[in-house]
Amino acid sequence: MFRTIPRHNINLSKEEIALIVSKILDGSAPSGNDLAAFEDEMAVYQGLPFVAAVNSGRAALYLILKAMNFSLGSEILVPAYSFYSVVESVKAAGLSPVFAPCHPRHYALDPSRLDSALTKNTVALIVEHPFGQTAPMDDIMDWSQGHGLPVIEDASQSIGASLNGKKAGSFGLASCMSLVHGKNLMTFGGGLVLTKEEKIYREVLQQIVKTRPIEAGKIRKEALSGLVNWALTTRIGYQFGPFAPFFLLNLFDRKRLEAFFEEAHSLYDPKALKPLSNLQAGLGREQLKRLDERNSKRRTLAEQIIHGLSDTNALSLPEYPPNSIGTWNALAVRVPSSLTVQRECLRYGVDTRADYMTGFAYQDEWLRHGEVLYLPCHPGMSFADADYVVETVKKVMRKLAY
Ligand SMILES: Cc1ncc(COP(=O)(O)O)c(C=O)c1O
């Protein structure tokens with residue numbers, strides 16, 4: 001039977017929706033006690049002493065880099081396969097990104113090739129934890145300690161993931177998280193600075209204090225647009241909303257379809273700093289209560305899809321150490337041409353993604369050929385949906401004679 005499955009969904013329970021509405025009605029959306037409580041609860045969840053909430057993941061990374069006081073032009077090692085804003089945050093802080101190679105099976109930094117990017121001007125290393133997994137932190141931490149370099153993590157896509165019981169975002173000196181739509185914990189946009197070092201925390205707080213609170217009208221507008229986005233990614237909302245135009249654009253104008261998901265890069269300046277509103281923080285607290293349960297559903301779906309695809313020709317499944325617990329923000333596989341497979345899958349109702357992350361350098365074969373495809377794997381899916389994803393990918397791979 002034909003099904004429609006969106007590439008990601010926004011998870012909101014009835015209680016979370018009720019909370020958003022009540023915060024708007026009772027006037028506590030701009031400020032209140034939820035902000036400090038959310039920061040404290042995230043600190044406990046991550047096992048870290050200091051957490052500060054801001055308006056975006058890129059602002060969080062920018063603030064960390066500024067707080068570390070590197071001299072202008074210093075080199076920061078950044079994964080060659082990165083979300084674009086990570087590079088933008090480095091540049092906005094007046095620093096030079098130098099790319100280090102990533103691994104074709106787990107997509108994070110490849111510790112065995114870090115030396116190739118090291119120069120005498122390197123002052124720190126940024127580690128991204130892609131797609132809901134933890135990068136190989138044991139080897140990366142050994143390497144960075146051996147070279148006396150601080151590690152900054154970006155755990156935006158891996159909130160709740162862990163390696164040897166330690167959470168992604170709690171290995172290095174500091175880390176950032178994005179809480180934008182589509183992340184495992186989201187607050188309709190937002191970001192976190194998490195750190196072990198009080199000095200970094202204090203510097204970040206100083207910058208936040210200088211910003212003006214967001215007006216109630218703007219918060220209402222953002223919450224409303226978040227709720228509309230949520231409605232459009234529910235099963236019914238997606239099927240009777242965006243799916244038909246996506247299906248047609250996919251047939252005739254694929255570029256325009258992807259442009260719909262592209263953000264206007266210029267709109268989101270890492271230096272544009274705002275506090276997180278009380279409404280967002282309240283939502284963050286509710287999302288945190290449900291994070292492990294939602295992550296566990298993602299994990300079960302991922303296991304089912306991986307099991308189903310294990311004997312598919314020309315498709316490489318991701319590999320992670322047995323001592324890691326992934327939270328599957330997306331399920332990244334490699335196929336000969338991700339754009340072709342993506343297009344075919346949508347004809348059967350399965351919306352995948354091919355270009356969320358960018359290959360900035362070290363164009364190893366898998367990056368040069370555009371092989372990475374992100375399959376949907378989110379708590380809005382049923383187990384029958386996961387079977388349908390498997391069936392569809394297999395059918396498409398056979399049709400393309402891979
Ligand atoms: C790994 C990573 N870093 C940073 C960001 C940027 O976050 P934001 O859009 O909240 O600035 C994202 C956003 O999706 C991301 O996936």
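**A colleague's note on a predicted model**

1. Two words need their cut-offs here. Strands (E, at least two residues) and helices (H or I, at least four) are DSSP runs, numbered from the N terminus. Two strands pair if DSSP finds at least two bridges between them.

2. Before going on, please keep in mind that this is a predicted model, in which local features need pLDDT of at least 70, side-chain atom pairs count only at pLDDT 80 or more, and totals for chains, interfaces and linings use all residues. Residues are numbered from 1 along each chain as its sequence is written.

3. Where does S7 belong? It sits in an open sheet of 3 strands with antiparallel pairing, in the order S8-S7-S11. Strand S8 (166-167) and S11 are the edge strands, each pairing on one side only.

4. Now for the whole chain. The protein chain holds 14 helices and 14 strands. Its radius of gyration is 20 Å, close to the 21 Å from the globule rule for 402 residues, so the chain is as compact as a globular protein of that length. The radius is taken over C-alpha atoms, and the rule is 2.2 Å times the number of residues to the power 0.38. Along the principal axes, the C-alpha atoms fill a box of roughly 55 × 55 × 35 Å.

5. Buried residues make up 47% of the 402 residues in the protein chain. A residue is buried if 20 or more other C-beta atoms lie within 10 Å of its own, exposed if 12 or fewer, and partly exposed in between, with C-beta atoms placed from the backbone. Of the contacts with a separation of 6 or more, 74% come from residues 24 or more positions apart; a contact means that the C-beta atoms of two residues, placed from the backbone, lie within 7 Å.

6. Another open sheet has 7 strands, in the order S1-S10-S9-S6-S5-S2-S4, with mixed pairing. Strand S1 (50-54) and strand S4 (96-100) stand at its edges with a single partner strand each, so one side of each has no neighbour in the sheet. From one strand to the next, the twist averages 25 degrees. Strand S2 (residues 75-79) pairs with S4 in the parallel sense over 5 bridges, and Leu77 stands opposite Val98 in S4.

7. How many residues of S9 are buried? The count is 5 of the 5, so S9 is largely enclosed by the rest of the structure. Ala174, Cys176 and Ser178 point one way, while Ser175 and Met177 point the other way. In a regular strand, side chains alternate between the two faces of the sheet. S9 pairs with S6 in the parallel sense over 3 bridges, and with S10 in the antiparallel sense over 5 bridges. Ile152 stands opposite Ala174 in S9, and Met177 opposite Leu192 in S10.

8. Helix H3 (residues 57-67) lies across S1, strand S6 (151-154), strand S9 (174-178) and strand S10 (191-195), at about 165 degrees to S9. Helix H6 (residues 198-209) lies across S1, S9 and S10, at about 25 degrees to S1. For these angles, axes are lines fitted to C-alpha atoms, for helices over the stretch in contact, and the angles run from 0 to 180 degrees between N-to-C directions.

9. Which residues come nearest to the ligand? Of the 14 residues around it, they are Ser56, Gly57, Arg58, Ser156 and Ser178; a residue is near if its C-beta atom, placed from the backbone, lies within 6 Å. H3 and helix H4 (84-92) are the elements that give two or more residues to this shell.

10. Finally, two backbone angles deserve a check. Most residues other than glycine have a negative phi. Phe188, in the loop between S9 and S10, has a positive phi of about 55 degrees. Trp328, in the loop between strand S11 (324-325) and strand S12 (331-334), has a positive phi near 40 degrees. Phe188 is buried, with 24 other C-beta atoms within 10 Å, and Trp328 is buried with 28.
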